[in-house]
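Subject: The model, and some notes on it

Hi there,

Here is the structure I promised to pass on to you.

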Amino acid sequence: QVQVVESGGGLVQPGGSLRLSCVVSGSIKRIYQMGWYRQAPGKQRELVATMPSVGDTNYAGSVKGRFTISRDNAKNTVYLQMNSLKPEDTAVYYCNVDGSTFDYRAINIWGKGTLVTVSS
């Protein structure tokens, strides 16, 4: 079984920063892509940033230049550094992992999310 757990959310003032972390554990053999998505109240879930094991990162236009996604492959961890936060960044942030298990099953797993609130 594979688990995905996010952390690092909280309340921050506009203009502030937060760093989210997502750790993947369990019987995962390979991780192809890790990414962050978010869902604001009353809205659909949307892509924030993705980072494949090979290739370029991808950012939503609304966060480009403010957010940075990074990975520590040795720790099966992906981070999202969020700077210059705006009230419209308020959402539950979800981690998504695309990979395969030791018994060669393809998996796509979501974490339970971490709430980010940007407010004065």
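Strands here are DSSP runs of E, at least two residues long, while helices are runs of H or I of at least four residues, and both are numbered from the N terminus. Threonine 114, for instance, belongs to strand β11, which covers residues 114-118.

Some background before the rest. The model is predicted, and local features need pLDDT of at least 70, side-chain atom pairs count only at pLDDT 80 or more, and totals for chains, interfaces and linings use all residues. Residues are numbered from 1 along each chain as its sequence is written, and side-chain values use heavy atoms, with hydrogens and water left out.

**The sheet**

Two strands count as paired if DSSP finds at least two bridges between them. Four strands make up an open sheet with antiparallel pairing, and their order is β1-β3-β8-β7. The edges are taken by β1 (2-7) and β7, each of which has a single partner strand, so one side of each has no neighbour in the sheet. From one strand to the next, the twist averages 15 degrees; the axes behind such angles are lines fitted to C-alpha atoms (for helices over the stretch in contact), and the angles run from 0 to 180 degrees between N-to-C directions.

Two of the facing pairs are worth a look: valine 5 stands opposite valine 23 in β3, and serine 7 has serine 21 of β3 as its bridge partner. In a regular strand the side chains alternate between the two faces of the sheet. In β1, Val2, Val4 and Glu6 make up the covered face, and Gln3, Val5 and Ser7 the uncovered one.

Threonine 114 counts as buried because its relative accessibility is 10%. For these labels, buried means under 20% relative accessible area, exposed means over 50%, and partly exposed lies in between (1.4 Å probe, protein chains only).

**The disulfide**

How many disulfides does the structure hold? There is one, taking a disulfide to be a pair of cysteine sulfur atoms within 2.5 Å. Cysteine 22 and cysteine 95 form it, with their sulfur atoms 2.1 Å apart. The pair links distant parts of the chain, 73 residues apart, since cysteine 22 is in β3 (residues 18-26) and cysteine 95 is in β9 (residues 91-101). The link is left-handed, with -80 degrees about the S-S bond. Both cysteine 22 and cysteine 95 are buried.

**The hairpin and two positive phi values**

β9 also pairs with β10 (residues 106-110), antiparallel and over five bridges. Glycine 99 faces isoleucine 107 in β10. The two strands, β9 and β10, form a hairpin with four residues between them. Most residues other than glycine have a negative phi. Tyrosine 104, in the loop between β9 and β10, has a positive phi of about 65 degrees although it is not a glycine. Tyrosine 104 is exposed because its relative accessible area is 71%.

Serine 84, in the loop between β8 (77-82) and β9, has a positive phi too, near 50 degrees. With a relative accessible area of 41%, serine 84 is partly exposed.

**Two more positions**

Where does lysine 64 lie? You will find lysine 64 in the loop between β6 (58-59) and β7 (67-72), and it counts as exposed because its relative accessibility is 57%. Lysine 64 and threonine 77 are 13 residues apart in sequence, and their C-alpha atoms are 21 Å apart in space.

Alanine 49, by contrast, sits in strand β5 (residues 46-52) and counts as buried at 0% relative accessibility. The C-alpha atoms of alanine 49 and leucine 85 are separated by 15 Å, and the two residues are 36 apart along the chain.

Do tell me what you make of it.

Best wishes
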